[in-house]
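The entries follow the order of my reading.

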Amino acid sequence: MAGHEIPEPADRKQVADPRSDPQPVAESRPSCDPAFRHGVVVGFDGSTSSERALAYAIGMACRLGSGLIIVHVANRLPTTVWAGCEPPVFVDLPDHRTEVLGLELACADYLAEVPWVLVERGGDICHELEEVGREYSADAIVVGSTHGIVGRLFGSVAGRLARRAQRPVIVIP
């Protein structure tokens, strides 16, 4: 606006010294895209139950007008299985499944109506889903239910997540 000047308020307090050198801020993880803040987190591994959870999460994100954060948690196995060492140490196995899932999702027509991002993590599924939910300030976490003997013996991801999560968890049968 040529010819117009906005005067500085008389009671303005200086927040930082303009002559000081800026200090770098250390980050443990790269910051997430603000376009996906308050989005819907969904756990996805390509199984039938996770596909149903994804379909529900897409509809939920569309209704909320928010983004979709699709999380794939890669495999981690304790090295004690092979080495017999104490205490247990976890090793990351190469998991090309995330790349395959990303390509499948990129070609999917049903994701065209909602902005989405695929996040890969390694570790405990419940912890990683909750951590991604916290990082993105997610409105909800959507997961598929576990069917089978493994879920009955060790507890399902959905059940463990519902007990420990700090945000709503929606379990899709």
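The entries below cover the sheet, the helices across it and the salt bridges.

**Entry 1: basis.** I note that this is a predicted model, in which local features need pLDDT of at least 70 and side-chain atom pairs count only at pLDDT 80 or more, while totals for chains, interfaces and linings use all residues. Residues are numbered from 1 along each chain as its sequence is written, and side-chain values use heavy atoms, with hydrogens and water left out.

**Entry 2: the sheet.** I took helices (H or I, at least four residues) and strands (E, at least two) as DSSP runs, numbered from the N terminus. Two strands pair if DSSP finds at least two bridges between them. I found an open sheet of 5 strands with parallel pairing, in the order β5-β2-β1-β6-β7. Its edge strands, β5 (116–122) and β7 (169–172), each pair on one side only. On average, neighbouring strands are turned by 25 degrees against each other, direction ignored. For such angles, axes are lines fitted to C-alpha atoms (for helices over the stretch in contact), and values run from 0 to 180 degrees between N-to-C directions.

I then looked up β2 (residues 68–74), which runs parallel to β5 and is joined to it by 7 bridges. Val73 has Arg121 in β5 as its bridge partner.

**Entry 3: helices across the sheet.** Contact here means heavy atoms within 4.5 Å. Helix α4 (residues 125–135) lies across β1 (40–43), β2, β5 and β6 (140–144), at about 135 degrees to β5. Helix α6 (residues 157–164) lies across β6 and β7, at about 160 degrees to β6.

**Entry 4: salt bridges.** I counted a salt bridge where a side-chain nitrogen of Lys or Arg is within 4 Å of a carboxyl oxygen of Asp or Glu. The whole structure holds 6 salt bridges. One of them joins Asp124 and Arg160 at 3.4 Å, N to O. Asp124 lies in the loop between β5 and α4 and Arg160 in helix α6, so this pair ties together parts 36 residues apart in sequence.

Asp124 also forms a salt bridge with Arg164, with the closest N and O atoms 3.5 Å apart. Arg164 is in helix α6, 40 residues from Asp124.

**Entry 5: exposure.** Which residues are buried? I used under 20% relative accessible area for buried, over 50% for exposed and partly exposed in between (1.4 Å probe, protein chains only). Both Arg167 and Glu130 are buried. Asp124 is partly exposed at 32%, as is Arg160 at 28%.
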